[in-house]
Amino acid sequence: MGAGRPDERKTTYREAMREALREALHADERVFLMGEDVGRYGGCFGVSLGLLEEFGPERIRDAPLSESAFVGAGIGAALSGLRPIVEIMTVNFSLLALDQILNNAATLLHMSGGQLPVPLVIRMTTGAGRQLAAQHSHSLEGWYAHIPGIRVLAPATVEDARYMLAPALADPDPVLIFEHGSLYNAAGELAPLTAPVDLVRAAVRRRGTDISLITYGGSLPKALAAADELAAEGISAEVVDLRTLRPLDDETIDASVARTHRAVVIDEAWRSGSLAAEVSARIAERSLYELDAPVERVCSAEVPVPYARLLEQAALPQTADIVTAAHRAVD
């Protein structure tokens, strides 16, 4: 039991994702999970461990090493009335299925005049910080947030990991879920669901009055830690978790900037052409006259993610970088 509400319990992000998968498989026989090593191995990151034994190989399907093939099979299954959940090991490997995602999943409803919805969920791990080198560590979710016709989710908390999957499966459009690899072991208190999860709204994770720290996914814990450090210095930082990267929740961003009049956008992707650039541009378009300082951005260094631990940490946004950017805006 947790230390907060009596109905809370301690769990991890990984376990919450597994619970969500198990619930979906029990609730609807049309749901199945497909991907590389999701069955006998239990998933590359252990999320689907034990599901093969519980649901059998028809519904927990190990796929061959061809992202284009099994994402295409997922699209076909969705078109035929099933509710597939396709797991891609890392976002880097999703580029092998980009044609399927962009040219088929995202476009078929539009091109068919509304006749061919593609209710497909694609899960993948994103992000760095685990010494997996450049081919397994980039943050490319902003690329997918560029594509009309799909919804892009980035659960950053145990609650969102547990409860975002069900409404994603109910969405008639393709939904991409990006799970930051650093979060799988993160623990938190999980309470029973009291209302359906809103896949449209961002979440204000911490209220503040002096500056808005706007982020998502694996950077949320760093932003919250930065807010703690700033609070010790007398600076009240509000932390906004975007949660849904497409469509972006402009209203919550606008309201936060109107309260604090300063903003730092934190994004583990590269700075050029990033989601941070999009958020910054929207703030300039919609809230320019609310700002008392230029929008700051904290992003990864524009290099392939290094393997060496010290170099990798130096290349990624860190709590100290967020604090420094906040000082530039406030001081």
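This is a predicted model: local features need pLDDT of at least 70, side-chain atom pairs count only at pLDDT 80 or more; totals for chains, interfaces and linings use all residues.
A residue counts as partly exposed when its relative accessible area falls between the limits for buried, under 20%, and exposed, over 50%. E23, at 39% relative accessibility, is therefore partly exposed.

Side chains of opposite charge can pair when their charged atoms come close. The structure holds 21 salt bridges. Several of them are described here.

Helix α1 (residues 13-27) takes part through R22. The side chain of R22 forms a salt bridge with that of E54, with N to O at 2.8 Å. E54 sits in helix α2 (residues 51-55), and the two partners are 32 residues apart. This pair therefore links distant parts of the chain. E54 has a relative accessible area of 37%, so it is partly exposed. R22 is also partly exposed, because its relative accessibility is 26%.

E23 lies in helix α1 as well. Its side chain meets that of R162 in a salt bridge of 3.2 Å, N to O. R162 lies in helix α8 (residues 158-163), so the pair ties together parts that are 139 residues apart in sequence.

R151 is in strand β6 (residues 151-153). D171 is in the loop between α9 (165-170) and β7 (175-180). The two residues are 20 residues apart. Both R151 and D171 are buried.

Salt bridges also form a network. It links D250, D254, E278, R282 and R286.

Methods:
Residues are numbered from 1 along each chain as its sequence is written. Side-chain values use heavy atoms; hydrogens and water are left out. A salt bridge is a side-chain nitrogen of Lys or Arg within 4 Å of a carboxyl oxygen of Asp or Glu. Helices (H or I, at least four residues) and strands (E, at least two) are DSSP runs, numbered from the N terminus. Buried means under 20% relative accessible area, exposed over 50%, partly exposed in between (1.4 Å probe, protein chains only).
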